[in-house]
Amino acid sequence: MAEYICRALREGSQEGEQAQALTIKDSIASPFGLHVFDHVFCQLYASILAEKSQFRNTTTTTTTTTTTRNSRPMTRSGEGEMSRGIIVLAFSRSPSYYLGLLSELGNQEKMVRILDCYSDPLGWKRRLAESGVISCGSEDSEVVNVYRDVRNLDKLLNEVVELGKGLVGQGKDRFCVAIDSVSEMLRHASLSSVAGLLNSLRNYVQVSSTLWMVHSDLHDMRTISAVEYASSIVASVESFTGIRNARNVNPEAISLTEQSALKGRFHVRAKRRNGRVKLMLEKFEVKEAGIAFMPVSSDGASAVSALLPKVQFNLQLSEKEQIDRSKVVLPFEHQEKTKAEQIYDGRQSLLQSKNDMGSIEKPIVAEASGRGQIFYFRDSDDEPTDSDEDRDDDLEYIMPIGAYVMNQPHT
């Protein structure tokens, strides 16, 4: 299932569609969202290094025009091109973390750009440095660009567009966008502004795919629904032994739970192009080398049974109940299977039936089974045989009086 997500982000979208977008949700009960984000981010970056991230080819040449929030016309052409780079919007972690993460895969300065929204999100450090209160803070480099006004999302969108053009050029090459925390964006901007930024990134012609993470327990249902609506794939991280009521738990207990509960469930809801929704479930385990995903097998039936409604009765029979059920004799079954069964069908003559019944009476009386029997004798041979048909020959047809008068001749 994790491979399905990475493949969907790697392949991008077809002509006239928005870019693929992944939303990763976690909470204090399952604080493993950043592990999933790092896994998908590294897989996507590795595919870019291997030149596998490709915008799907289409055979049509029709172009679709869209407009971003800064009123720039953009078109999606029908010719597929490669995704040549990735832009990271770092809100919750330092850019040095991502540089160290990518260095293990082979850091290429020409394929990644980091927009630092973590070091000085509101520009306070720069103002203090200009007044001489503190030393000079972080400065821009070839890979890292410091952004000091996270409240202005229109300007942030322009910065992403300019970084993307500088990374892959203004041709048909494309790039990916990764946002490590939408929750941090919602601290400084309204929900409508953040949702508009996410949709504008998906609509931009040179963006092949996007992914972001959100802490679901920090926002209300309306905010989470708006973020999920802006994405095509929603991945939820749940812990097997999560904290259900975090308000009544002290921080020390939470840290102990995070250390012990390193396993959980990974739910994915993906929107297909035909309008259908695909649901998937996996289990994961956080190890020293990273996070590992495993399919849910028969051993993990408890995880699947948690999704089923609980009832107060058994849906299956036990072995003893099945044996007892097989011993029950139903009313329509013949109980005397050891004796020759003779059933009168009502089609024999009266004399023959008497002789036959006389021959049957002797063994019956001798055995004295103690069971009552019913014998049927026809009154005569003229009596018709039993039939399912309803015979009305003996019924007389009575003509209505009015019809009789109408049929009389005039005198």
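Student: What is the bridge partner of Gly264 in β11?

Tutor: The bridge partner of Gly264 in β11 is Phe284, and that of Arg265 is Lys283. This is a predicted model, in which local features need pLDDT of at least 70, side-chain atom pairs count only at pLDDT 80 or more, and totals for chains, interfaces and linings use all residues. Residues are numbered from 1 along each chain as its sequence is written, and side-chain values use heavy atoms, with hydrogens and water left out.

Student: How do you know that β10 and strand β11 pair?

Tutor: Two strands pair if DSSP finds at least two bridges between them. Strands β10 (residues 263–271) and β11 (residues 277–287) are joined by nine bridges in the antiparallel sense, so they count as paired. Strands are DSSP runs of E with at least two residues, helices are runs of H or I with at least four, and both are numbered from the N terminus.

Student: What joins β10 to strand β9?

Tutor: Seven bridges join β10 to β9 (residues 233–239), and these two strands run antiparallel. Ser239 stands opposite Gly264 in β10.

Student: What makes β6 and β12 edge strands of the sheet?

Tutor: The open sheet has 10 strands in the order β6-β5-β4-β7-β8-β1-β9-β10-β11-β12, with mixed pairing. Strands β6 (144–146) and β12 (290–295) each have a single partner strand, so one side of each is left without a neighbour in the sheet.

Student: Why is Ser27 called buried?

Tutor: Buried means under 20% relative accessible area, exposed means over 50%, and partly exposed lies in between (1.4 Å probe, protein chains only). Ser27 has a relative accessible area of 19%, and therefore it is buried. Ser27 lies in the loop between β1 and α2 (33–49). Leaving aside neighbours within four places in sequence, Ser27 is in contact (heavy atoms within 4.5 Å) with Ser216 and Asp217.

Student: Which residues of helix α8 are buried, and how do you know that they lie on the same side?

Tutor: In α8 (residues 221–229), Thr223, Ile224, Val227 and Glu228 are buried. They cover an arc of only 130° around the axis, which puts them on the same side of α8; the arc is that of the directions from the helix axis to the C-beta atoms. The face turned away from the buried side carries the exposed residues Met221, Arg222 and Tyr229.

Student: What do the buried residues of α8 pack against?

Tutor: They pack against β1, α6 (182–188), α7, β8, β9 and β10.
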